[in-house]
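Student: I've got a model open and I'd like to learn how to read it. Can you walk me through it?

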Amino acid sequence: MLVIVSPFVDPAINLALEEAVLSTVEESVILIWRNDKCVIVGRNQDTDAEVNMELCRNSGCKVVRRSSGGGAVYQDLGNVNYSYIYRQGWDKKDPTEGEFLMTLIEFIGNYGIEGAFTNRNDIIHDGCKVSGTARAQKGENCLIHGTLLYDADVDFMDRVLTPPEDKLKRNGVKSVKSRVKNIGPFGDFDTEKFMCLLTEYMAIRYCACRRDVEDYLQAADEYRKKKYDNPSWNFGRNSIL
């Protein structure tokens, strides 16, 4: 197994890097990354219905469409993203999706944060969502990726995400903000330190080797130009989805 940490904070680059890894690797990978202020929408979502586009334009909040399904999420440098890429049968020592997510719960438990699964494989703490997941597949390679709210701007999140009212009612909440919660900060750990601790924990837990991003940058740049920096992909709901 490999552990890769992205040095980038541009969401278009990071999603392109993730797809480049998903498309080419021949062993399991844990990719850990952060994005600058952005909204990442699900593959089949209508951005106008889910995102306050005027606020995004006025605040420099980038909107990018990912390749997996699910709902829109707000991310900033107070949020840590994880991607687990695997193929059944590569290595019997590789964790299943559930085992990998349980490792995340074990990790935050080391800092006194009691996490639990929901039936959608989200992670909750004190009844609030702290990590959501989505899935994709490319050939035989599988991806589960998600967010981990550490010290994100949940006030801005509440204003920039505009899910339909019936969706909020189904979840029994009045707003996006009332449904989510940061798990940090822990003492004087900033998000960058938290990200380093998570990386170290995963590497030790799975005896994984660190790998630089250099091997994937050429392919990532192609995916970035074709998809994640392409308005047709990000906003053309039915154009190339």
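Student: What does the secondary structure of the protein chain come to?

Tutor: Keep in mind that this is a predicted model. The protein chain has nine helices and 12 strands.

Student: Okay, and how do I judge the overall shape? What radius of gyration does the protein chain have?

Tutor: You compare it with what a compact globule of that length would give. For 241 residues that would be near 18 Å, and the protein chain comes in at 17 Å, so the two agree. The C-alpha trace spans about 45 × 40 × 30 Å along its principal axes.

Student: How much of the protein chain counts as buried?

Tutor: Buried means under 20% relative accessible area. By that cut-off, 51% of the 241 residues make it.

Student: What about contacts along the sequence?

Tutor: Take the contacts with a separation of 6 or more: 74% of them come from residues 24 or more positions apart.

Student: Is α1 largely enclosed or open?

Tutor: Largely enclosed by the rest of the structure, because 11 of its 14 residues are buried. Among them are Leu15, Leu17, Val21 and Leu22, but also Asn14, Glu18 and Glu19.

Definitions and conventions: Residues are numbered from 1 along each chain as its sequence is written. This is a predicted model: local features need pLDDT of at least 70, side-chain atom pairs count only at pLDDT 80 or more; totals for chains, interfaces and linings use all residues. Side-chain values use heavy atoms; hydrogens and water are left out. Helices (H or I, at least four residues) and strands (E, at least two) are DSSP runs, numbered from the N terminus. The radius of gyration is taken over C-alpha atoms; the globule rule is 2.2 Å times the number of residues to the power 0.38. Buried means under 20% relative accessible area, exposed over 50%, partly exposed in between (1.4 Å probe, protein chains only). Contact means heavy atoms within 4.5 Å.
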